[in-house]
Amino acid sequence: MNISYNWLKEYLQFDLSPQETADALTSIGLETGSVEEIQAIKGGLEGLVIGEVLTCVNHPNSDHLHLTTVDIGDGGEPLKIVCGAPNVAAGQKVVVATVGTKLYAGDEEFTIKRSKIRGEESLGMICAEDEIGIGTSHEGIIVLPDNAPVGVAAKEYYNVKSDFVLEVDITPNRVDAASHYGVARDLAAWLQQAGEACKLTRPSVDAFAIDKKEGGIEVVVENREACPRYSGLTIRGVTVKESPNWLKNKLLMIGLRPINNIVDITNFVLHETGHPMHAFDAAHISGNEVVVRTLPEGTKFVTLDEQGRTLSDRDLMICNAKEGMCIAGVFGGLDSGVTEMTRDIFLESAYFNPTWVRKTARRHGLNTDSSFRFERGADPNNTVYVLKRAALLVKELAGGEIEGEIRDIYPEPVRPQEVTLSYKKVDALIGKVIPRETIKNILYSLEIDVTHENKEELTLLVPTYRVDVTRDVDVIEDILRIYGYNNIEISDTLKANLSYQTFTDRKNKLQTLISEQLSANGFGEIMNNSLTKKSYYEGLESYPASHCVSLVNPLSSDLGVMRQTLLFGGLESIAYNRNRKHADLRFYEFGNCYHFDADKKRADKILAEYTEETRIGLWICGKRTHRNWTTTEEQSSVFELKAHLENILKRLGAGRNQILFEPLRNDLYSICMTIRTYQKIIGSFGIVSPKISHLFDIDSEVFFAEIDWDALLKETEKQQVQFSEMSRFPAVSRDLALLIDKEITFAQIEQIALKSEKKLLKEVTLFDVYEGKNLPEGKKSYAVNFLLQDEEKTLNDKQIDTVMQKIRQNLEKEIGAQLR
């Protein structure tokens, strides 16, 4: 936000230089990025002077040029100037650029030189508006009033002064400082604390008076949630024209383009007080009534930028009796604005609900000075003052008379926020005991009233323009920034708790452990946005689109819902890398997933309608190894993914007898298995369905696993991973060739074997599968290796045979396995 140094000093008398002012503002939280010396008109009209045309005759060698003599009041001979303007005439008061003067026409710079034009000497130039930067007209030279003083510098005549513009960065919570008076108010508090002489003056509206008690345009507020307060005033008989120089210069200085006196007044008041206003052409207010309401969904509306927009039924509109005139707090309509033909106006000063304004502005992609302030929170108790201030300026610059009383619809006035402030808490948070009188003086300078006090605490009333101050800690922050962060001494002592552990939280510690393990195995960590497309979930049974947590006001349709699974973010990362010729990929991600289920809340009151859980996802695609002189090329497989999963489970202490892998039908996968404990399913893995892969233009197999990290940690929280000495006694290997039904899985065989012998059986490995000739129909053959070992002694044949016999019997009993 641009703040004019000279404009600022109209409200606050102080002696700081522009740079000192910038430093002071930065110290109190209004960070000032730059201080730039500028002029309202480029070049500052240097070298230009007011002159009088003494004579004007036609050029002997041209049918459109004129030879003039011009008195510039320097006591010397009149200047001979060749002029081509059609409106030049003797007796006129004009603006003259003397030899050596630099003029700026747009971005171009040129210097006036002594020259001959068609054989006649010219010692200067009589200027048009656009040639000196005070307007855009080039139809002829500027003709000044007869009382314009000859010889006066143009910069004095036009009151052009050098100024400094401070670029102040306003944080979202400090909308109270989004104006010249707001900045002056904050600076005054700092100056008082620093012991600097200053005087803060708010423009008076005591001269406001209603010219005609009867009449005026009526106001009806139908939606009081979106518009808690609406104030309006009718002024008739105004003259819309160009603004005076002082007003134009103020707006130009802060980067605004002057339009006409009425519109310029509303912009001036906005940047003076921070409260947005709007001026309507009363001729377009049909029914003599302003109605604040919403319009039906899909209503068409054309805004000031001539863009057609489709309204939502949640867009608050300022309407007349028939149609909308303005999007409340955001942008005006094309037909209701003030023009040179306007004779009667209706001034609006309102307080709109910040949430409504913010959502409407985002919906239509609009960001205006008005919406910037309303969506952060304007002062609801300032509307009438702003209205009176603008009305006085209108009468001064445009004439007219005020008709009817101020219409002020304010059914539920907003009261100042009451806050209890403990001195003990102030001392604790600031880290220094500030004198109690100093604290009260700072509060007084910030216009925070002390309504009650005792030795321990103060009861305060915070003004309504400070929408960000609602708690005692907010008040303490204000006290500290005015007192000065640099005035808090740094103690000579250091108090700290030293620990060799980076994380004390088990979840974070184990997440780091597994991240390091996966990274060491060639995986790269990815972090994807938890916002994603709803279209990914349409048509899925495993993650229905109806279970997505939708955003009320998304930035775009691509970021409209919260993710239910990590899968799609990983596929986006894979597609991004493959498009850049990186096809062999291993990724992992820790991230939260979100779920909505309205039926769940009705079915079980204990379970929440919305759930959030942390998950870990793994992705593998491309080649496992590349061909070289020692190794043949090998594609990645789902078994490689399973091995990494087992290593994770093993590292967390999940024993083989705790985790089961079972087949599952899931529309995310073409082949899938669940990862489960005896109590619940904690994850799944498999080959991603080609139908889903093709959505991302991935034409190779992608292997994906996803585990509920919170559930896994809960299952393993009582497990301790301990190191033990390697056994000095040899292991014994035994093989069985088993004839089993085709639907039997190796996981079932492994689980039965491990349950049969928990102490001696160390590993169960499948090393051959056969299906085909010489086997009964519906059967297959598995060759399975069993590794036995005793940690304390060498196994003998009797012990080995007993274990193997027990395993064979249980396999036969539970799954009908037979030895081949």
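Biologist: Which residues are linked in a network of salt bridges?

Modeller: The network joins Arg174, Asp176, Asp186, Arg466, Asp468, Asp478 and Arg481. A salt bridge here is a side-chain nitrogen of Lys or Arg within 4 Å of a carboxyl oxygen of Asp or Glu. Please note that this is a predicted model, in which local features need pLDDT of at least 70 and side-chain atom pairs count only at pLDDT 80 or more, while totals for chains, interfaces and linings use all residues. Residues are numbered from 1 along each chain as its sequence is written, and side-chain values use heavy atoms, with hydrogens and water left out.

Biologist: How far apart are the closest N and O atoms of Arg466 and Asp468?

Modeller: They are 3.0 Å apart, and the two residues form a salt bridge.

Biologist: Are those two buried or exposed?

Modeller: Arg466 is buried, with a relative accessible area of 5%. Asp468 counts as buried as well, at 17% relative accessibility. Buried means under 20% relative accessible area, exposed over 50%, and partly exposed in between, with a 1.4 Å probe and protein chains only.

Biologist: How many salt bridges are there by this rule?

Modeller: The count comes to 45. In general, side chains of opposite charge can pair when their charged atoms come close.

Biologist: What does Glu403 pair with?

Modeller: Glu403 forms a salt bridge with Arg236, and their closest N and O atoms are 2.8 Å apart. Glu403 lies in strand β25 (residues 401-409) and Arg236 in strand β16 (residues 229-236), so this pair ties together parts that are 167 residues apart in sequence. Helices (H or I, at least four residues) and strands (E, at least two) are DSSP runs, numbered from the N terminus. Glu403 is buried at 10%, whereas Arg236 is partly exposed at 23% relative accessibility.

Biologist: And which residue does Arg114 bridge to?

Modeller: Arg114 bridges to Glu121, with 2.7 Å between the closest N and O atoms. Arg114 is exposed, at 59% relative accessibility, and Glu121 is partly exposed, at 29%.

Biologist: What is Asp264 in contact with?

Modeller: Leaving aside neighbours within four places in sequence, Asp264 is in contact with Ser243, Leu247, Leu251, Arg257, Pro258 and Ile259. Contact means heavy atoms within 4.5 Å.

Biologist: Moving on, how much space lies in the second largest pocket?

Modeller: About 820 Å³. On a 1 Å grid over the protein atoms alone, a pocket is an open set of points with protein on both sides within 12 Å along at least five of seven lines, a cavity is a set of points where a 1.4 Å probe fits but cannot get out, and lining residues have an atom within 4 Å of a point. Grid points are joined across faces, edges and corners, and a volume is the space filled by probe spheres set on the points.

Biologist: What lines that second largest pocket?

Modeller: The lining has 28 residues, of which Glu129, Ile134, Gly135, Glu242 and Lys248 lie nearest the centre. Helix α6 (residues 245-253) gives the most to this lining, with four residues. The lining divides into 13 nonpolar, eight polar and seven charged residues. Ala, Val, Leu, Ile, Met, Phe, Trp, Tyr, Cys and Pro count as nonpolar, Asp, Glu, Lys and Arg as charged, and the others, Gly among them, as polar.

Biologist: How many cavities of 30 Å³ or more does the structure hold?

Modeller: It holds three. The largest cavity has about 60 Å³ of space, and β8 (102-105) and α3 (129-132) are the elements that give two or more residues to its lining. Strand β8 gives the largest share, three residues. By class, the lining of the largest cavity has five nonpolar, one polar and four charged residues.

Biologist: Last topic: which residues of helix α12 are buried?

Modeller: In α12 (residues 436-445), the buried ones are Thr438, Ile439, Lys440, Ile442, Leu443 and Ser445. Their cover includes α5, β26 (417-422) and α11 (423-430). Just after α12, Glu447 takes a positive phi of about 65°.
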